[in-house]
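Here is a short briefing on one protein model. Look over the sequence and the structure, then read on.

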Amino acid sequence: MTEQRSSLAGVDRPVVGSYPTYEGAQRAVDFLSDNKFPVQHTAIIGSDLRMVETVLGRLTLGRAALAGAGTGAWFGLLIGLLLSVFAAGRHGVLTLVLSAVAYGAVFGTVFGLASHAMTGGRRDFASRSQIVAARYDVVADHEVAEEAKNQLIKLAWRED
């Protein structure tokens with residue numbers, strides 16, 4: 001039977017490297033992997049998490065309709081492709097898929113407009129949310145931590 005690690009397995013492990021970006025921490029673990037280090041004994045832990053919502057622009061009726069149409073068209077394409085498995089002949093498949101995309105776009109437009117109208121002007125902007133950390137620590141199990149630190153010192157020398 002294999003041993004399962006808890007989701008908090010990195011809490012009591014020593015920090016072998018600390019980076020201001022996730023890409024830096026990822027590069028460090030990749031460097032360890034390239035040097036045949038047992039990376040299954042490491043973890044990347046983000047600290048001081050915060051949610052950042054980037055405002056992409058004003059959400060107008062036109063944009064809401066266009067976004068709904070795009071989403072509906074993609075959904076229609078998916079449904080059309082799934083149903084095309086049961087269609088007979090090439091012409092029938094193409095007609096089915098194109099019809100599903102068109103119907104999806106129409107219904108998506110209607111739902112996009114309706115959902116925008118239901119907000120009552122309380123959220124008239126489009127945004128994207130992401131969770132970011134102030135710092136990313138690479139941690140390793142106690143038995144391999146010293147070796148990982150020494151390897152990451154070599155990486156730091158290369159990057160200077």
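Start with Asp48, which is found in strand 2 (42-58). This is a predicted model: local features need pLDDT of at least 70, side-chain atom pairs count only at pLDDT 80 or more, and totals for chains, interfaces and linings use all residues. Residues are numbered from 1 along each chain as its sequence is written, and side-chain values use heavy atoms, with hydrogens and water left out. Helices (H or I, at least four residues) and strands (E, at least two) are DSSP runs, numbered from the N terminus.

**Positive phi angles**

- Most residues other than glycine have a negative phi.
- Asp48 is not a glycine, yet its phi is positive, about 55°.
- Asp48 counts as exposed because its relative accessibility is 54%. Exposed means over 50% relative accessible area, buried means under 20%, and partly exposed lies in between (1.4 Å probe, protein chains only).
- Lys36 also has a positive phi, near 60°, and is a residue other than glycine.
- Lys36 sits in the loop between helix 1 (22-34) and strand 2.
- With 74% relative accessibility, Lys36 counts as exposed.

- Three strands make an open sheet in the order 1-3-2, with antiparallel pairing. Two strands pair if DSSP finds at least two bridges between them.
- Strand 1 and strand 2 stand at the edges, each with a single partner strand, so one side of each has no neighbour in the sheet.
- On average, neighbouring strands of this sheet are turned by 25° against each other, direction ignored. Axes are lines fitted to C-alpha atoms, for helices over the stretch in contact, and angles run from 0 to 180 degrees between N-to-C directions.
- Strand 1 and strand 3 run antiparallel and are joined by four bridges. Gly17 stands opposite Val138 in strand 3.
- Strand 2 and strand 3 also run antiparallel, joined by 15 bridges. Ser47 stands opposite Arg135 in strand 3.
- Helix 1 lies across strand 1, strand 2 and strand 3, and runs at about 145° to strand 2.

**Helix 2**

- Helix 2 (residues 61-84) has 24 residues, which should span 34 Å at 1.5 Å a residue. The expected span is 1.5 Å times one less than the number of residues.
- The end C-alpha atoms of helix 2 are 33 Å apart, which agrees.
- Which residues of helix 2 are buried? They are Ala64, Ala65, Gly68, Ala69, Gly72, Ala73, Gly76, Gly80 and Ser84.
- Ser84, in helix 2, is buried because its relative accessible area is 13%.
- Ser84 is in contact (heavy atoms within 4.5 Å) with Val93, Leu96 and Val97, leaving aside its neighbours within four places in sequence.

**Helix 4**

- Helix 4 (residues 142-159) has 18 residues. From its first C-alpha to its last, helix 4 reaches 26 Å, close to the 26 Å expected at 1.5 Å a residue.
- The buried residues of helix 4 are Val144, Ala145, Ala148, Gln151, Leu152 and Leu155.
- What do these buried residues of helix 4 pack against? They pack against strand 1 (15-19), helix 1 and strand 3 (125-140).
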